[in-house]
Amino acid sequence: MTQIKRQKRAVSGWLILNKPYDVTSTQAVGKIKWLYSAKKGGHAGTLDPLATGILPVALGEATKTVPFVQDGVKIYEFDLKWGSTTTTDDLEGEVTATSEVRPSQSELEAILPAFTGVITQVPPAFSAIKINGERAYDLARAGEKVDMPSREVEIEAFELLAHSDQISTFRVTCQKGTYVRALARDIAEQLGSKGHVSRLHRAAVGPFTDQDAVTIEQIEALELAERDQQLRPLNEAVSHLPEVVLDERQAQLVRMGNPALLIGRNAPIALDEAYATHKGAMVAMGYVEKGQFKPSRVIVAG
């Protein structure tokens, strides 16, 4: 019997997924694309397989707004298990060293300011960072020694939620590029102990939080029309940016790629990217101020 090929749909929007434990981000996006019969899909920021929490999934035209979400502030809650380090800095790896040292709560609280603000960290060898064109985790799994370059990251807030001799629980608010596994490893090392992440949950990515999230099981239980109702509009990805509404003449100029707008400045603003939506075009625009590009959001009328 010939199997009927599933018809793909040009569906667009954001689904805020609570990614389940022991599922890769790629697997999760693939499942959502299949449930929605979507032609196109992606996500705003990889989440480790053993982590749970916010994985914003972009379908259709929403994929064009991924950078705005991916570059947003992230909030993680995690458990640091004391006593051992692992090859992956989490539960997945093999134990590489142990320690009997257990810091006190006051020692932990005293060290957190040193891990707040702009700090330097060395990402885990088991990460998606590319080294000479290869993913670091592929090299590490092949048994190669991986020399990870250090990087600067920004930690906006770091809070100790609970503490015991076995596990300490933290909440960290950070910018793009931060590795929580590296934070846990480095905190333990600086206190003369060993430790790794035993639980990791992402509670927020950019504008999206746990309150917005749905599970795969919840989506599976819905009919297709009901699933579509769970999608959030494209403009939520850029809701933190200023908005300017264009008239029809301006909208036509922008659609043709003309940089002819003024947004609160005395100089024309060059068109950065144009995003087509079912209601018009969403245009990300900006200006250069002191050498830095400053984005603005424009919703094209019509």
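1. The buried residues of helix α5 pack against β4 (74-82), α3 (105-111), β7 (117-121), β10 (151-163), β11 (167-174) and β12 (195-205). This is a predicted model, in which local features need pLDDT of at least 70 and side-chain atom pairs count only at pLDDT 80 or more, while totals for chains, interfaces and linings use all residues. Residues are numbered from 1 along each chain as its sequence is written, and side-chain values use heavy atoms, with hydrogens and water left out. Helices (H or I, at least four residues) and strands (E, at least two) are DSSP runs, numbered from the N terminus.

2. The buried residues of α5 are Val-180, Arg-181, Ala-182, Leu-183, Ala-184, Arg-185, Ile-187 and Ala-188. Just after this helix, Gly-192 takes a positive phi of about 75 degrees.

3. Which residues does Ile-111 touch, once its neighbours within four places in sequence are left aside? They are Ile-187, Gln-190 and Leu-191, with contact meaning heavy atoms within 4.5 Å. Ile-111 itself is found in helix α3, and it counts as buried because its relative accessibility is 9%. Between Ile-111 and Gln-190 there are 8.5 Å in space, C-alpha to C-alpha, although the two are 79 residues apart in sequence.

4. The protein as a whole has 8 helices and 17 strands, and of its 302 residues 43% count as buried. Among the contacts with a separation of 6 or more, 68% join residues 24 or more positions apart. The protein exposes about 15600 Å², of which carbon and sulfur atoms supply 50%; these areas come from the Shrake-Rupley method with a 1.4 Å probe, and for residues only the protein chains shown count as cover.

5. The largest nonpolar core has 42 residues, and those with the most contacts inside it are Ile-32, Tyr-36, Phe-78, Phe-158 and Val-172. Such a core is a set of buried Ala, Val, Leu, Ile, Met, Phe, Trp, Tyr and Cys residues joined through side-chain atoms within 4.5 Å. Leaving aside its neighbours within four places in sequence, Ile-32 is in contact with Leu-15, Leu-17, Val-57, Leu-59 and Ile-216. A second, separate core has 12 residues, including Ala-44, Ile-54, Ala-62 and Leu-234. In soluble globular proteins, nonpolar side chains tend to be buried together.

6. The largest pocket has a volume of about 910 Å³. Of the 33 residues that line this pocket, the closest to its centre are Thr-46, Leu-47, Asp-48, Ala-128 and Tyr-179. The elements that give two or more residues to its lining are α1 (25-36), β4, α4 (136-141), α5 and β12. On a 1 Å grid over the protein atoms alone, a pocket is an open set of points with protein on both sides within 12 Å along at least five of seven lines, a cavity is a set of points where a 1.4 Å probe fits but cannot get out, and lining residues have an atom within 4 Å of a point. Grid points are joined across faces, edges and corners, and a volume is the space filled by probe spheres set on the points.

7. By class, the lining of the largest pocket has 11 nonpolar, 12 polar and 10 charged residues. Here Ala, Val, Leu, Ile, Met, Phe, Trp, Tyr, Cys and Pro count as nonpolar, Asp, Glu, Lys and Arg as charged, and the others, Gly among them, as polar.

8. The structure also holds 2 cavities of 30 Å³ or more, and the largest cavity has a volume of about 80 Å³. Among the residues lining the largest cavity are Tyr-21, Asp-48, Asp-90, Val-197 and Arg-199, and the lining divides into 6 nonpolar, 1 polar and 3 charged residues.

9. Ser-37, in the loop between α1 and β2 (41-43), has a positive phi of about 50 degrees although it is not a glycine. Asp-89, in the loop between β5 (84-86) and β6, has a phi near 65 degrees, again a positive value in a residue other than glycine. Are these residues buried or exposed? Ser-37 counts as buried because its relative accessibility is 9%, and Asp-89 is buried with a relative accessible area of 6%.

Notes. Buried means under 20% relative accessible area, exposed over 50%, partly exposed in between (1.4 Å probe, protein chains only).
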